[in-house]
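Dear colleague,

I am passing on the structure we spoke about, and my notes on it follow below. Please read them with the structure open beside you.

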Amino acid sequence: KYKKTMDKTMPSLVEAQSAAARQAEERVIMNKYDTEAWLTLLGEAKKGGEPAAIQKMYERFLQVFPTSGKYWTQYVEYVKSLESRELVEKIFKNCLIKCPDVELWKTYLDYVQKRLAHRADELKKTYDFTLEHIGCDVSAAGIWLEYLKFLKGSVAQNQLEESAKANVIRAVYRRALEIPMQGLETIWKDYEVWENSLNKLLAKKLITEVTPKYTAAKNVYRERKNFMRGINFRALAVPPPSPSSPSSSFSSSSSSSSSSSSSSSDSSSSTANQALLWRKLLSYEKSNPLKLDPSLLKRRILFTYDQALLHLYHYPEIWYEAALYVMEGSSTPEDSFAVFDKALKALPQNLLIHFAYADLLEANKKTPKAKQVYELLLTNNKSDPLAFIQYLKFINRTDGSEASKKLFSSQMIKEPQCDFHVYVALALMEYHMNKNVDVARQLFDHGMKKFGADNPAFVVQYIQFLKCINDETNLRVIFERVLNAVPREKSGEIWSLFLEYEGMCGDLNSVIKAEKRKAKEFPESDPSGLLTLVNRYRYLELWPCSSNELSSILSVASASAAELAANNHKVNNSGNGNEEESEANGGGSGGNGNGSGGNGGNGSGASGGAGKNRFPKPDLSLMVKYNNELAQVAPPPLPPPSNLNSIVMPEWEDNN
């Protein structure tokens, strides 16, 4: 979606851009969260000096990084320079509440002070509003001191007003001195001076009362500083890196120049490490080092979650933990709903958050809203069949079996992402939850018609179902049809299921016959037949031989497979010319054991061909896996098994 939008705007943008900007635009199309490219675009727009272009680039940038307090602040400052009051206030409305960043709030205070300098009451409300949202930040001491200076500057008309003014100031000092933050000692010294200036005799008593809380806050700040060490508070929020990618770094926003790099060799900058550091800080806050009462502790922890989500905005587990914490500490789930609503905006395609939110709504009898969550997910994420499956389960629970089948047959079956997983899920739902064997069988049959034997994963599920309902007739038909149709390289698991079934239900002759059929299909996997023999007699974790004996059997089987492979290699390469002969004699393939691939250059042909490993690994597809699920399923009473060809297929549209 982002790429399509960018493709439409690219021609007009590229015409007026430098080569660096054009390259950055291409990178942004490829990777929406390429922070280095975005900073290049922002820097190039500023170089151009065109206000409309700069404003447009800030808007684009902040749509991708909506929690960056640094760049919201830069944007506000730029718009203020254009003297656009309406736009400045619009920006503040968009970003202030959702972005608890001290520098951004200081910019807001500065703007309001200039606008409302003559209106003390409104200015006081602004300070209270600011401190309510950002006052417990570790860097908020400057705002507290500004507020105190503002309060001290107000003029009292009489002694009563003077006394009330002192009480207000004292209360603000006490609030501030209980917060662990940088600059706390400055506030403390300022408080001592102010209190002594009023009444030295009374000051000693009042200061003594405050000292324990101030000392505790100062000590907690020192501890908190250790947990905050390494956290990049100016980082841009990017999604978690792919596990297969190299150690991705946490996107730094410390520089807005085009040379700013989004990667760093410092391990403290990695996304994984940043997430870990935030988790440690959250755990520390939850330990309640200040011994706060429950309401204040909850506010403190939620504020820390808000700050963590500025940088871990795309981490579903942090959103979920925040919502869970709110739910555990609240008598109603509404506050938790609000956290999930924010999470859906941050992660519109994330399955986990949508499923968790829908479950919470369902558990609290909010079924219509839960349905809206699923429908929203299916609108934003149409590529994942898991969304279909969970929605079907939800509909089956809340509206019944007929509703889920109707949803499947009227809507889902027409969608390209309705793959075999959806068929299997609905069929097993009908069997296990609704005890409807016939519908489950029809779904599997229709899936077999649609996906065919070319999809071994579906076939395996179908076989497991037929075994579960003890439908021997159709099971043998499916085995024969599939084993003759599925490509050899995809049929290993089906062969294992076939051997397992014959071993459980067939007589000895049918077992031996099945083993021979597989040996003929995979002659290279177990030429000695020893692994097949062991598998015939094993049961669950019980083996027909000791571990030492099994190790010996595996060695013999491996050597036998290696010898067969070497013989096949000789046959296949006989008469192929001097190049192959040279390779066999000295190239490490182990023909005479003199190549570099042998054991020290002097091993036998088989061991030479094996390289560093003495024996190749056996074909583990011969090992029959035990399916514990089948052993625990008690199938409902069934009608006599019917022939596969006699099953009436449902009247569903075929989307092959």
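How many helices and how many strands make up the secondary structure of the protein chain? Please keep in mind that this is a predicted model; in it, the secondary structure comes to 31 helices and 0 strands. Buried residues account for 43% of the 656 residues in the protein chain, and the accessible surface comes to about 34400 Å², with 52% of that surface belonging to carbon and sulfur atoms.

I looked at helix H14 as an example. Helix H14 covers residues 294-311, and its 18 residues reach 26 Å from the first C-alpha to the last, which is close to the 26 Å expected at 1.5 Å a residue. Its buried residues include Leu297, Ile301, Phe303, Leu309 and Leu310, and also Lys298, Arg300, Gln307 and His311. Among the elements that cover these buried residues are helix H8 (120-134), helix H12 (200-228) and helix H13 (271-286), together with helix H15 (316-328) and helix H16 (334-346).

Salt bridges

The count of salt bridges comes to 33, and I describe three of them here. As background, side chains of opposite charge can pair when their charged atoms come close.

Glu195 and Arg170 form a salt bridge in which the closest N and O atoms are 2.7 Å apart.

Arg476 and Glu472 are joined by a salt bridge whose closest N and O atoms are 3.3 Å apart. These two residues lie 4 residues apart in helix H24, so they are separated by about one helical turn. Arg476 counts as partly exposed at 27% relative accessibility, and Glu472 is likewise partly exposed, with a relative accessible area of 39%.

Glu77 and Lys80 meet through their side chains in a salt bridge of 3.7 Å, N to O. Because they are 3 residues apart in helix H5 (residues 69-81), about one helical turn separates them, and Glu77 counts as partly exposed at 37% relative accessibility. Salt bridges that share partners join Glu77, Lys80, Asp110 and Lys114 into one network.

Cysteines

How many disulfides does the count come to? The count is 0. For Cys95, the closest cysteine sulfur is that of Cys99, and the two sulfurs are 6.4 Å apart, which is too far for a bond, given that a disulfide calls for cysteine sulfur atoms within 2.5 Å. Cys95 is buried, with a relative accessible area of 0%, and Cys418 also counts as buried, at 2% relative accessibility.

Buried polar and charged residues

Where does Asn381 lie? Asn381 is found in the loop between helix H18 (367-380) and helix H19 (385-398), and at 9% relative accessibility Asn381 counts as buried. A polar atom of the Asn381 side chain lies 3.0 Å from the backbone oxygen of Gln349. When residues up to four places away in sequence are not counted, Asn381 touches Gln349 and Leu351.

Asn474 sits in helix H24 (residues 472-485), and at 1% relative accessibility Asn474 counts as buried. The C-alpha atom of Asn474 is separated by 9.3 Å from that of Ile463, a residue 11 residues apart from Asn474 along the chain.

Once its neighbours within four places in sequence are left aside, Glu44 is in contact with Ser18, Ala20 and Ala21.

Note on methods
Residues numbered from 1 in each chain as written. Predicted model: local features only at pLDDT ≥ 70, side-chain atom pairs only at ≥ 80, totals over all residues. Heavy atoms only, no water. Buried < 20%, exposed > 50% of the residue type's maximum accessible area, 1.4 Å probe, protein only. Polar contact = N/O pair within 3.5 Å; in protein donor to acceptor, adjacent residues only side chain to side chain. Contact = heavy atoms within 4.5 Å. Salt bridge = Lys/Arg side-chain N within 4 Å of Asp/Glu carboxyl O. Areas by Shrake-Rupley, 256 points an atom, 1.4 Å probe, with all protein chains shown as cover. Expected span 1.5 Å × (residues − 1).
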